[in-house]
Amino acid sequence: MESDRFMVAVGYHGHSFHGSQIQPDVRTVEGSISNALRRLTWWADGCLEMSSRTDAGVSVRFNLARIDLPRALSKNASETSIVRALNDHLPVGAVVISASRVDEDCKVRYASYRKYLYRLECIEEWPTNSDSAPLEEACRMIEGQHDFSNLSRMEEGRDPIRIVDECSLWLSSDGRPVGLVIRAKSFLWNQVRRIASSISGISSGRIKLADLESALESPDIPVDLGRAPSEGLVLWEISHPDFPNPLPSGLPNPDSLSARPEDPREYRRWLSMSEYEISALLEREWLNRLN
């Protein structure tokens, strides 16, 4: 059956799905999109592929999906009508932001870069007053080409070498470190969460800068610097040469987010609120684009 290829930008809340990839008996992003395509009678084997894999709890401002639609349907369908039809059949917590017709040989996974935000304040050990100087030095260590075996969950057959183009602090207007910004063409499984844990560990005193340096320079000596929880992580954007960025490329203003309280009991209540704040931030981004 002849088909036309589209790429669509898809956003979703991490708490609404058990990750992006299809899994049995749980709701996932890929499974929800495939169900929408089936209800629309647009489904065919192999017609759907996601650009980036995300774990349960990870929120996404926008990910990319490749969808091949039957030509008999797509030749008369506008990109706007495809967006509306998919949104009519997706569950609450997910949204298609835009769609674009692409060449039939376009590869959705061949992104120019992927950018993540991690809200470091969500990590339990994160101190209320954090000195940014050692954290900036840690970020400089992370940048560049490294073997990230000690800062990822390695899968058999995967190359552990990655190039991190940017690793920087996400700062409030008064200079308070709120989170981490990290950008690369591709990442290993859990790489950003383990980097975030390392940055947090340096801030809290759990580990030293030398420990991070050793983990990067001696990947053959296994070391565990921790893994930050998925709830603090947001896939902020993907840049793809064949897809126009549907949302502004700037970072959100962290001053709109509440400051983490000092009291441990208050922190646990605040942690729930912080998830709502990230969800509200994403909803505003999506609504501004769709309206």
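Ground rules. The model is predicted: local features need pLDDT of at least 70, side-chain atom pairs count only at pLDDT 80 or more, and totals for chains, interfaces and linings use all residues. Residues are numbered from 1 along each chain as its sequence is written, and side-chain values use heavy atoms, leaving out hydrogens and water.

Overall fold. We have 7 helices and 9 strands, taken as DSSP runs numbered from the N terminus (helices H or I, at least four residues; strands E, at least two). The C-alpha box is roughly 60 × 40 × 35 Å along the principal axes.

Burial next. Buried residues are 53% of the 291. Buried means under 20% relative accessible area, with a 1.4 Å probe and protein chains only.

Now contacts, meaning heavy atoms within 4.5 Å. Of those with a separation of 6 or more, 75% join residues 24 or more positions apart. L180 touches, among others, C139, C167 and W170, not counting residues up to four places away in sequence.

Last, the cysteines. How many disulfides are there? The count is 0. A disulfide needs two cysteine sulfur atoms within 2.5 Å. The closest cysteine sulfur to that of C139 is in C167, 3.7 Å away, so too far for a bond. C139 is buried, at 3% relative accessible area. C167 is buried too, at 4%.

Note on methods
Buried < 20%, exposed > 50% of the residue type's maximum accessible area, 1.4 Å probe, protein only.
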